[in-house]
Amino acid sequence: MSGPADTIRTVRGRAVRCRDTGDGPPVLLLHGIGRTLADFAELHGRLARDHRVISLDLAGHGGSAPLDGPHTLAALARAAADCLDALGVPGPVHLVGNSLGGAVAMRLAVDDPARAASLVLVASAGFGREVTIGLRLLAVRPLARLLLRPSRAVARRTERALFHDRRHVTAARLAEALAVARRPHAARVMRELVGSLGTVRGVAAPWRQELLDGVARLDVPVLVVWGDRDLILPAAHLAAARARLPRARTHLFADTGHLPQVERADEFHRLVTGFWAGPAAGR
């Protein structure tokens with residue numbers, strides 16, 4: 001489950017798995033719900049050539065221990081900020097978040113604007129109500145208990161939903177997903193997060209509206225990207241992002257699913273580093 005560059009650090013008495021490599025402007029990579037820092041392995045390596053890159057397992061995910069209190073968006077953002085402090089990175093950093101990680105990145109930037117050099121939101125939660133039925137059903141407690149039981153079949157089905165190009169559904173990814181699901185706290189963390197963010201009808205509006213209002217007030221460059229074959233959060237949310245954040249740059253990857261940083265690794269790397277090199281992001 002861990003790579004050669006991964007370390008376990010103690011942050012405020014809690015174990016946190018992170019990958020901290022490279023030298024240069026700092027970057028923080030934040031994965032999605034029920035996922036791990038492995039979702040950014042391809043991007044991490046490319047960026048570490050000329051950046052200090054920190055990938056985290058969010059609190060209660062992968063190799064990071066759960067929080068003492070409920071797992072909410074704000075709590076995950078605070079835990080990520082605590083980790084940056086522990087690593088000696090007071091800010092600002094380029095925040096890159098995929099899916100739930102995008103919402104965590106936005107929350108972190110809104111709550112502490114001095115920490116954010118820019119925001120890169122990758123198929124990010126927060127731009128619309130629609131979400132895959134698999135996540136909506138987790139809001140129904142009896143179904144959640146059943147759906148969150150670790151199984152190879154569920155892990156394979158989940159991985160296949162994430163990628164348009166099924167060649168990325170590898171044995172290593174399946175093993176990682178199954179190992180994560182078997183952590184004793186994994187199901188509880190998933191239920192808490194899903195319950196705090198939405199219902200069986202979809203992602204709740206109040207937190208989305210408040211968060212996007214806050215992001216719109218920030219004076220930081222924003223890039224929003226999506227895959228046109230995303231089965232988790234539909235690519236139609238990109239239009240909502242353009243409407244809510246009219247100053248943001250946007251990009252749609254063709255023939256790509258929910259993890260464009262994996263399926264379009266080289267193109268994604270060029271896009272993001274070009275964005276950071278632009279006049280707005282270089283302020």
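Colleague: At roughly what angle do the axes of H2 and H3 cross, and within what distance do they come?

Modeller: Keep in mind that this is a predicted model. The axes of H2 and H3 cross at roughly 70° and come within 9 Å. That makes H2 roughly perpendicular to H3.

Colleague: Which residues make the contact?

Modeller: From H2, Leu73, Ala74, Leu76, Ala77 and Ala81. From H3, Leu100, Ala103, Val104, Arg107 and Leu108. By class, the contact of H2 with H3 has nine nonpolar residues, one charged and no polar.

Colleague: Staying on H3, how many of its residues are buried?

Modeller: Eleven of the twelve, so H3 is mostly covered. The buried ones include Gly101, Gly102, Met106 and Arg107.

Colleague: Switching topic. How do H6 and H7 pack, by angle and axis distance?

Modeller: The angle is about 120°, with the axes 9 Å apart. That makes H6 oblique to H7. H6 passes H7 in a right-handed crossing.

Colleague: Which residues meet there?

Modeller: Arg152, Ala155, Arg156 and Glu159 in H6 meet Arg173, Leu174, Ala177 and Leu178 in H7. The contact of H6 with H7 divides into four nonpolar and four charged residues, with no polar ones.

Technical notes
Residues numbered from 1 in each chain as written. Predicted model: local features only at pLDDT ≥ 70, side-chain atom pairs only at ≥ 80, totals over all residues. Heavy atoms only, no water. Axes fitted to C-alpha atoms, helices over the stretch in contact; angles between N-to-C directions. Helix = DSSP H or I, 4+ residues; strand = E, 2+ residues; numbered from the N terminus. Parallel < 35°, antiparallel > 145°, perpendicular 65-115°, else oblique. Left-handed = near helix turned anticlockwise from the far one by under 90°. Contact = heavy atoms within 4.5 Å. Nonpolar A, V, L, I, M, F, W, Y, C, P; charged D, E, K, R; others polar. Buried < 20%, exposed > 50% of the residue type's maximum accessible area, 1.4 Å probe, protein only.
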